[in-house]
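Me: I have a structure open and would like to walk through it. Can you take my questions as they come?

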Amino acid sequence: MALSCRLWHDRGAVSERLDLDRLQSLLRTEFVGRSVSYHQSVTSTMEVAKREAESGAPEGAIVIAEEQTAGRGRMGRSWVSPPSVNLYLTVVLRPTLDQLRYLAVIAPLAVCQAVEEATGLLPRIKWPNDVAIGDKKVSGILVQSELAGDEVQFALAGIGINVNLDASAYAEIAQIATSLRAELGREVSREEVLAATLNHLETLYQALRRGEVVSMAWKHRLDTLGKHVRVQSADGSVLEQGVAVDADSDGSLILRRDDGSHVRVEAGEVTLRPGSG
Ligand code: BTN
């Protein structure tokens, strides 16, 4: 065991624990990632971050874990979270109500930009906010918020990135997921991907706070446009189907139904319609 750890280190890429000093040295941010709550194992970083946000964690604070025992995905699904191979983090943000809905736009975009910067790979976004390489998912985003009336108490941007995962070892995701290591054929530094993600996230969040349009770059990466899709709810019922002809700046998808009418879809799970390629 000791020998294999040594060998890993000698190859310079992976470690069982994230190197937080290295992370800080790679950060170019003012506040995102400057306060770090690091855990070996948690149920879900969303749960820990919620408690920390309620106790006044500063904006940009992150909760990060080597492993999640009950990692959560969108629409009530779970998120495969084995130890030390991936990134599982939640960022605490305090946006206005107007800014809140754009977090689901900037978070996947930040991940795409970060993966591109750290690895040269070119990930795309599958609506609404999955990050995929080819047709396989490499990252998922879960945004949750706490409101008091019209006021946002805090928002939580949960980000899972498959960095060095062997997805084929997990039957439930073997056919639909990939990792940066699988795509590149070599180990990838989690610290580099994490730092790049936080750097890009802060840049985009600052642009959002200045009132700049952040959705054009998101739309540019949106792989779903032009495809025949089916949008389903968590229980599998079909909400809409049609051609994804456009996306709104707030992340909604515009579909053209078979009868020619248009409909705006705000949430759901998109699958390609059989035979649509
Ligand atoms: C999805 O695509 O379904 C969203 C997945 C979000 C996973 C991340 S991992 C860090 C954070 N903690 C969780 O329990 N979920 C998010």
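This is a predicted model: local features need pLDDT of at least 70, side-chain atom pairs count only at pLDDT 80 or more; totals for chains, interfaces and linings use all residues.

Me: Start with the seven strands. In what order do they sit in their sheet?

Reply: The order is β1-β2-β3-β7-β6-β5-β4, in an open sheet with mixed pairing.

Me: Which strands stand at the edges there?

Reply: β1 (36-42) and β4 do. Each has a single partner strand, so one side of each is left without a neighbour in the sheet.

Me: What holds paired strands together, in general?

Reply: Backbone hydrogen bonds, with the strands either parallel or antiparallel.

Me: And how many bridges join β2 to β3?

Reply: Four, and β2 (residues 62-68) runs antiparallel to β3. Within that pair, Ala65 is opposite Tyr88 of β3.

Me: Which strands does α3 touch?

Reply: α3 packs on the sheet and touches β1, β2, β3, β6 and β7. The direction of α3 makes about 150 degrees with that of β7. Another helix, α7 (residues 190-209), lies across β2, β3 and β7 and runs at about 25 degrees to β3.

Me: OK, now the sheet with five strands. What is the pairing?

Reply: Antiparallel, in an open sheet ordered β11-β10-β9-β8-β12. The edges are β11 (262-265) and β12 (269-272); each has a single partner strand, so one side of each has no neighbour in the sheet. From one strand to the next, the twist averages 45 degrees.

Me: Where does His228 come in?

Reply: His228 stands opposite Val243 in β9. The strands β8 (residues 228-232) and β9 (residues 238-247) are paired antiparallel over five bridges.

Me: Changing topic. How many cavities of 30 Å³ or more are there?

Reply: One. The volume of the largest cavity is about 170 Å³.

Me: What lines the largest cavity?

Reply: The lining has 20 residues, and Arg72, Trp79, Gly140, Leu142 and Gly160 lie nearest the centre. By type, the lining residues are seven nonpolar, eight polar and five charged.

Me: Which element supplies the largest share?

Reply: β6, with four residues. At least two residues each come from α3 (45-54), β3 (87-93), β6 (136-148) and β7 (151-161).

Me: Next, the loop between β4 and β5. Where is the cis peptide bond?

Reply: The cis bond joins Trp127 and Pro128, with omega about 5 degrees. Pro128 is in the loop between β4 and β5, and Asn129 is placed in that loop as well.

Me: Is Asn129 buried or exposed?

Reply: Asn129 is buried, because its relative accessible area of 5% falls under the 20% cut-off.

Me: What is Asn129 in contact with?

Reply: Arg74, Ala104, Pro108 and Ile141, leaving aside neighbours within four places in sequence. The C-alpha atoms of Asn129 and Val105 are 7.0 Å apart, although 24 residues separate the two along the chain.

Me: Last one: what is phi for Met75 and for Ser84?

Reply: Met75 has phi near 55 degrees, and Ser84 has about 70 degrees. Both values are positive, and neither residue is a glycine.

Definitions and conventions: Residues are numbered from 1 along each chain as its sequence is written. Side-chain values use heavy atoms; hydrogens and water are left out. Two strands pair if DSSP finds at least two bridges between them. Axes are lines fitted to C-alpha atoms, for helices over the stretch in contact, and angles run from 0 to 180 degrees between N-to-C directions. Buried means under 20% relative accessible area, exposed over 50%, partly exposed in between (1.4 Å probe, protein chains only). Contact means heavy atoms within 4.5 Å. On a 1 Å grid over the protein atoms alone, a cavity is a set of points where a 1.4 Å probe fits but cannot get out, and a pocket is an open set with protein on both sides within 12 Å along at least five of seven lines; lining residues have an atom within 4 Å of a point. Grid points are joined across faces, edges and corners, and a volume is the space filled by probe spheres set on the points. Ala, Val, Leu, Ile, Met, Phe, Trp, Tyr, Cys and Pro count as nonpolar, Asp, Glu, Lys and Arg as charged, and the others, Gly among them, as polar.
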